[in-house]
Amino acid sequence: MSGDGVNGGAGEGTRTDTRAGAGTGPGEAETGTAARLQKLFEGHRLTPTQRRIAHCMVRRAADAPFLSSVELAELAGVSQPSVTRFAVALGFDGYPALRRHLREVAPTGKPGDTGSYNEYQQAVHAEIDNLRHLAAAFADPSPVIEAGRLLAASRPLPVLGLRAATAQAAGFTYFARKVHPDVRLLDEGGTMLTDRIDAAVHAGATALLCFALPRHPREVVDALAYAREAGLTTVTVADSAFAPVAHHTDLLLPAPVGTGLAFDTACAPMLLGRVLLEAMCDALPDAQARLEEFDAQAVARGLFVE
């Protein structure tokens with residue numbers, strides 16, 4: 001499989017069976033492992049190939065301490081020497097030293113016992129773990145609060161999401177239009193995309209919100225780079241802090257996706273989008289009044305079935 005959001009390794013369309021936390025549900029243990037991996041990678045200047053390896057390890061947090069360099073290279077879609085150079089870039093003598101370190105700080109017990117859960121239950125447990133990871137990130141709410149302030153202040157507010165991320169961008173736009181006076185959905189690529197970014201800038205936009213999910217379209221990376229060159233502050237919801245869009249984002253908010261089914265599941269990015277809406281409402285002084293006005297109009301028009 002090679003379509004949008006199809007799982008496998010680094011998103012190259014090769015399905016594998018090393019799903020994290022299979023059988024028992026990842027739970028808090030894997031959340032802690034992923035957080036420790038993020039902490040380990042922060043502060044290092046990594047090449048695009050090395051960021052790809054880091055991204056793969058975070059997505060496969062439960063398996064990471066037990067993968068050989070060859071297995072990790074295959075999952076990330078890179079060469080085995082690249083994995084070795086990655087470990088050295090993190091300050092280790094080589095990949096074996098990195099793996100020993102991960103085993104020392106990771107919970108005991110190798111994941112992968114099938115237990116009593118079927119693959120559909122495993123996918124649900126994986127999403128629950130992704131939500132736990134997101135909840136842990138909200139322990140410091142300042143990035144979301146800052147994002148809400150930036151989005152509320154941008155008039156108009158362009159919201160970008162292509163291919164697998166289109167639904168996330170459209171959902172955010174639908175609700176944001178109830179409280180923000182001018183929200184513009186950018187959900188189609190092609191030569192018109194930069195024109196629409198230019199139009200938003202000329203109309204007074206100061207920020208752009210992007211939803212970026214695997215597989216990451218090249219057009220999204222290019223559009224973010226163009227938006228920054230045009231003077232927009234870019235806020236991105238992505239599946240990892242090491243996603244390809246990271247270098248073109250001023251404020252990146254990670255929300256992991258599930259990889260246990262044929263197509264990625266994105267409960268955490270959707271919830272993060274709703275949290276951003278809440279933060280944006282908090283920064284819009286007339287948000288409550290606009291919502292009450294809409295409710296009154298909905299009642300008068302008989303818009304919803306009671």
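A crossing is right-handed if the near helix is turned clockwise from the far one by less than a right angle, and left-handed if anticlockwise. Keep that in mind for the first stop. Note also that this is a predicted model.

**Stop 1: two helices.** Select α8 (residues 166-176) and α11 (residues 267-283). Their axes lie 10 Å apart, at an angle of about 25 degrees. Angles under 35 degrees count as roughly parallel, so α8 is roughly parallel to α11. The crossing of α8 and α11 is right-handed.

**Stop 2: the contact.** Show side chains. On α8, pick Q168, G171, F172, F175 and A176. On α11, they meet P269, M270, G273, R274, L276, L277 and M280. By class, this contact of α8 with α11 has 8 nonpolar, 3 polar and 1 charged residues.

**Stop 3: rings.** The count of aromatic pairs comes to 5. Start with F172 and F211: their ring centres are 6.0 Å apart and their planes at 55 degrees, so the pair is tilted. The pair links distant parts of the chain, with F172 in helix α8 and F211 in strand β3 (residues 207-212), 39 residues apart. Buried or exposed: which is F172? F172 is buried, at 1% relative accessibility. F211 is buried too, at 2%.

Now select Y174 and F175. Their rings form an edge-to-face pair, 4.9 Å centre to centre, with 80 degrees between the planes. Y174 is partly exposed at 48% relative accessibility, and F175 is partly exposed at 36%.

**Last stop.** Select F41, F86 and F242, which ring pairs link into a cluster.

Key:
Residues are numbered from 1 along each chain as its sequence is written. This is a predicted model: local features need pLDDT of at least 70, side-chain atom pairs count only at pLDDT 80 or more; totals for chains, interfaces and linings use all residues. Side-chain values use heavy atoms; hydrogens and water are left out. Axes are lines fitted to C-alpha atoms, for helices over the stretch in contact, and angles run from 0 to 180 degrees between N-to-C directions. Helices (H or I, at least four residues) and strands (E, at least two) are DSSP runs, numbered from the N terminus. Angles under 35 degrees count as roughly parallel, over 145 as roughly antiparallel, 65 to 115 as roughly perpendicular and the rest as oblique. Contact means heavy atoms within 4.5 Å. Ala, Val, Leu, Ile, Met, Phe, Trp, Tyr, Cys and Pro count as nonpolar, Asp, Glu, Lys and Arg as charged, and the others, Gly among them, as polar. Rings of Phe, Tyr and Trp (its six-membered ring) pair if their centres lie within 6.5 Å; planes under 30 degrees apart count as stacked, over 60 as edge-to-face and the rest as tilted. Buried means under 20% relative accessible area, exposed over 50%, partly exposed in between (1.4 Å probe, protein chains only).
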